[in-house]
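This report describes selected features of one model, taking the ligand surroundings, the helix packing and the backbone in turn.

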Amino acid sequence: MTSAHPGLIDRYGRRAVDLRVSLTDRCNLRCSYCMPPEGLPWLPKAEILTDGEVLRLITIAVTRLGVEEVRFTGGEPLLRPGIVDIVAGSAALSPRPRLSVTTNGIGLARLAVPLRDAGLDRVNVSLDTIDPERFAAIALRRRFQDVIDGLSGAAAAGLTPVKLNAVLLRGVNDDEAPALLRFALKHGYELRFIEQMPLDAQHGWSRDKMVTADEILASLTTEFDLTPDPAERGGAPAETWLVDGGPAKVGVIASVTRPFCGDCDRTRLTADGQVRNCLFARGETDLRGLLRGGAEDEEIAQRWRDAMWGKMPGHGIDNPRFLQPTRPMSAIGG
Ligand code: SAM
């Protein structure tokens with residue numbers, strides 16, 4: 001069963017307008033909470049959508065399904081050779097979607113200007129620590145300075161506000177919330193902490209080890225005065241606070257302890273052309289087969305609508321029968 005609505009709605013009245021597109025499942029870091037040190041069996045090239053196929057699906061999403069925002073992610077999206085062309089093709093659509101990239105920042109120093117010129121509006125850069133040694137311990141690569149350079153490059157190119165995403169890990173960097181916020185304030189970046197989610201390939205997540213939103217806020221308030229942000233949150237995953245009266249803000253994406261599934265407005269496309277209606281979904285809907293089988297745009301659009309119609313009301317992490325998705329975050333697209 002499905003709906004006659006042209007957009008991506010579900011049975012609970014939510015409408016997906018924010019599309020996350022994974023451009024590759026590969027990454028040049030090995031963050032412990034995401035991937036094993038040896039990496040993962042990467043998707044074979046033949047299974048990955050070509051640049052033309054990615055653009056065709058984005059076009060269908062924007063022109064037929066009401067998608068208003070496209071965020072490129074991965075894996076590490078800057079590893080995708082065609083990213084500048086994919087951004088340019090997306091920016092040429094009418095109506096023009098808002099365009100952003102979630103990246104670890106490596107390569108951004110070189111790509112910020114070409115991406116901006118292609119039409120990119122914003123970047124989110126992941127950085128869990130401002131200590132180069134800790135960075136190497138978490139990500140298993142000595143690339144800290146590349147990320148810092150990427151951040152500066154993005155700001156200089158006007159890809160603003162530059163947002164910083166940080167995951168805190170108990171016993172590793174859980175003492176670093178105030179230092180990360182000081183760093184963000186100093187450079188004019190907008191910091192958001194993400195609660196660690198059960199999405200690592202190694203299945204190493206446990207609730208008692210994760211650092212909660214309450215703990216992060218308690219740690220921040222030892223140094224900063226936080227007041228709830230009066231701005232409308234809408235479907236945004238981050239709950240935000242004004243820092244020392246504002247205008248600077250800090251956010252927490254508390255997917256585990258304060259889930260926001262009721263307001264979720266996201267739909268996801270994996271690098272191999274599968275639609276996922278939720279990060280935690282256990283099923284996927286294949287669009288690549290339709291595309292390569294010669295389907296018309298409307299048939300693909302309808303398959304996408306059907307996929308979203310079946311979205312669950314919540315991710316169910318709290319349910320004792322919760323099962324982690326088979327694909328890890330890096331393959332789904334974070
Ligand atoms: N490589 C890009 C990056 O580093 O931003 C994009 C993909 S990455 C999977 C997207 C975001 O997901 C990053 O901010 C990363 O820290 C976060 N992430 C990965 N695994 C996570 C987990 N298990 N829980 C919470 N966040 C996670």
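## Ligand surroundings

How many residues surround the ligand, and which are the closest? There are 18 residues around the ligand, and the closest are Tyr33, Gly75, Glu76, Ser126 and Met197, where a residue counts as near a molecule if one of its heavy atoms lies within 4 Å of it. This is a predicted model, in which local features need pLDDT of at least 70 and side-chain atom pairs count only at pLDDT 80 or more, whereas totals for chains, interfaces and linings use all residues. Residues are numbered from 1 along each chain as its sequence is written, and side-chain values use heavy atoms, with hydrogens and water left out.

Polar contacts (pairs of N or O atoms within 3.5 Å) can be listed by residue. Tyr33 places a polar side-chain atom 3.0 Å from an oxygen atom of the ligand, while a polar backbone atom of Thr103 lies 3.4 Å from an oxygen atom of the ligand. For Met197, a polar backbone atom is 2.8 Å from a nitrogen atom of the ligand.

## Helix packing

Helices are DSSP runs (H or I, at least four residues) and strands likewise (E, at least two), numbered from the N terminus; axes are lines fitted to C-alpha atoms, for helices over the stretch in contact, and angles run from 0 to 180 degrees between N-to-C directions. Helix H3 (residues 108-118) packs with helix H5 (residues 144-156) at an angle of about 20 degrees, their axes being 7 Å apart, and H3 and H5 are therefore roughly parallel (angles under 35 degrees). Their contact (heavy atoms within 4.5 Å) involves Leu108, Ala109 and Ala112 of H3 together with Asp149, Gly150, Gly153 and Ala154 of H5.

Helix H1 (residues 51-64) and helix H9 (residues 297-309) pack at an angle of about 75 degrees, with axes 10 Å apart, which makes H1 roughly perpendicular (65 to 115 degrees) to H9. On the H1 side the contact includes Arg56, Leu57, Ile60, Ala61 and Arg64, which meet Asp297, Glu298, Ile300, Ala301, Trp304 and Arg305 in H9.

## Backbone features

Most residues other than glycine have a negative phi, and most peptide bonds are trans. Ser94 and Pro95 are joined by a cis peptide bond with omega about 0 degrees, and Pro95 lies in the loop between helix H2 (83-91) and strand E5 (98-103). A cis peptide bond also joins Thr160 and Pro161, with omega about -5 degrees, and Pro161 is found in the loop between H5 and strand E7 (163-167).

Leu140, a residue other than glycine, has a positive phi near 60 degrees and is found in the loop between helix H4 (132-139) and H5.

Note on methods:
Angles under 35 degrees count as roughly parallel, over 145 as roughly antiparallel, 65 to 115 as roughly perpendicular and the rest as oblique. A polar contact is a pair of N or O atoms within 3.5 Å; within protein, one must be able to donate a hydrogen and the other to accept it, and residues adjacent in sequence count only if both atoms are side-chain atoms.
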